[in-house]
Amino acid sequence: MDEKLIQRLESAVLRLEAISTGAHPATSPVDASDAALDPSVVAFGDLIDQYLGRVSRAAEIIGGQVLEVTNRIQEAFSVQKELLIKLKQTQKPNPAGLAEFLKPLNEVIVKAAALTEGRRSDFFNHLKASVDSLSAVAWIAYTGKDCGMSMPIAHVEESWQMAEFYSNKVLVEYRNKDPNHVEWVKALKELYVPGLRDYVKSFHPLGPVWSQTGKVIAPSKANPSSAPSAPPPPPASLFSPESSQASSSKPKVGMSAVFQEIGTGNVTSGLRKVTDDMKTKNRTDRAGIVGGSTVKESHAVSRAVAKVVPPKFELQMGRKWVVENQIEQKSLIIEDCDAKQSVYVYGCKNSVLQIQGKVNNITIDNCKKMGVVFQDVVAACEIVNSNGVEVQCQGSAPTISVDNTSGCQLYLGKDSLETSISTAKSSEINVLVPSAESDGDWVEHSLPQQYIHVFKEGRFETTPASHSGG
């Protein structure tokens, strides 16, 4: 018989004996071995084996950054399993103790988020989908209706909806190119929905179940002698220990405290008298002349910051056209291209690029006042982190996505009127289509950037906001 099954049976027998003697098992402390055999912990281990194993197998075939970020997901789920074991041995902590309890999980999420920083990679959508999905494991931080989070089941679903924006981009890009990427996306989705969602629904629908008699978590105290003086404030954590108490119950700080002090009429009570030796004109340790070396160093720094990056216009490894840092170039043309190649446009200003032929996908990243004209695209045309961009599709394009962009003009030809346009965190997006009444004329349509959300019949309904003049 399997050794794990024997251990689980022995644990069940001990619990039944405790009940028969009149002692409820929940009132006695649970050791680590019993906690590891708890049905909720065992079920979470099965979740990892069944769903996460499938994601890992697909990532191993793809390799590179996809495998790296998948390892971070696996690490996060392993840490959460350890926290579930610890949960059975720990009483419900206060906010500071909860932050200490969740610290290992938060560190893994921060490491995963670091993979999306820096220059945009070819697997940016994979990385963003993975990192955004990891917010689902924060369900374990739910402490009640006043904690500022949705309930665990809803939190898992909402987290995946946020990640699905980028996972859909992966599907569009690789649907007809590499089935391994499609398998990875499908496995990632099933890990959270239904995997993690159904687990939370079965064992923790109202939040994590803490022990009644376990140990109390004490927040770690930093050693003042080893800490540097006046450290900068740390970045905000995914699991914030801040309570949701009303601001009126907290002592006033900042300008509120200043106005409160003025209102008392005793403004100068805390001020000290300035003696002659404290005045700046009498202090020998202050110099009024800036040294020549300091001026030279500041000029050197400013020249380093203003360093011009060399432009690029090349085909890399026969698969990717790279057009970077082109300034005031109005006649950029890509002629010899095919449907297996992609085009990446980065950091260009006041330039125009023509793509004469069918390519797999086009990405326009961090460009200003850039114009791109293309014939056909197999997967999608993406516009991200840009300002004042004009894009014209003369053939067909299944998808055009606009993300974090201000000012975008899209020109769609007759063959591209069925193009799907997705937008996120963008403004001033206008789409021009051929007029049905006269040839050569364009009809402009503005895409909404303001929405109204109304809660009806148990769900939110979202509609674009419309304005009418009275």
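How are H4 and H9 oriented relative to each other?

**View 1. Packing of helices H4 and H9 in a predicted model.** The axes of H4 and H9 lie 13 Å apart at an angle of about 15°; axes are lines fitted to C-alpha atoms over the stretch in contact, with angles from 0 to 180 degrees between N-to-C directions. H4 and H9 are therefore roughly parallel to each other (angles under 35 degrees). Helices are DSSP runs of H or I with at least four residues, numbered from the N terminus. Local features need pLDDT of at least 70, side-chain atom pairs count only at pLDDT 80 or more, and totals for chains, interfaces and linings use all residues. Residues are numbered from 1 along each chain, and side-chain values use heavy atoms, without hydrogens and water.

**View 2. Residues at the contact of H4 with H9.** Val66, Thr70, Ile73, Phe77, Gln80 and Leu84 of H4 meet Trp184, Leu188, Leu191, Tyr192, Leu196 and Tyr199 of H9 (contact: heavy atoms within 4.5 Å). By class, this contact has 10 nonpolar, 2 polar and no charged residues; Ala, Val, Leu, Ile, Met, Phe, Trp, Tyr, Cys and Pro count as nonpolar, Asp, Glu, Lys and Arg as charged, and the others, Gly among them, as polar.

**View 3. The largest nonpolar core.** Of its 54 residues, Phe77, Phe101, Leu188, Leu191, Tyr192 and Leu196 touch the most other members. Such a core joins buried Ala, Val, Leu, Ile, Met, Phe, Trp, Tyr and Cys residues through side-chain atoms within 4.5 Å, where buried means under 20% relative accessible area (1.4 Å probe, protein chains only). H9 gives the most to this core, with 10 residues.

**View 4. Surroundings of Tyr192.** Among the residues that Tyr192 touches, not counting those up to four places away in sequence, are Ile73, Phe77, Trp160 and Arg197.

Definitions and conventions: Buried means under 20% relative accessible area, exposed over 50%, partly exposed in between (1.4 Å probe, protein chains only). Helices (H or I, at least four residues) and strands (E, at least two) are DSSP runs, numbered from the N terminus. Angles under 35 degrees count as roughly parallel, over 145 as roughly antiparallel, 65 to 115 as roughly perpendicular and the rest as oblique.
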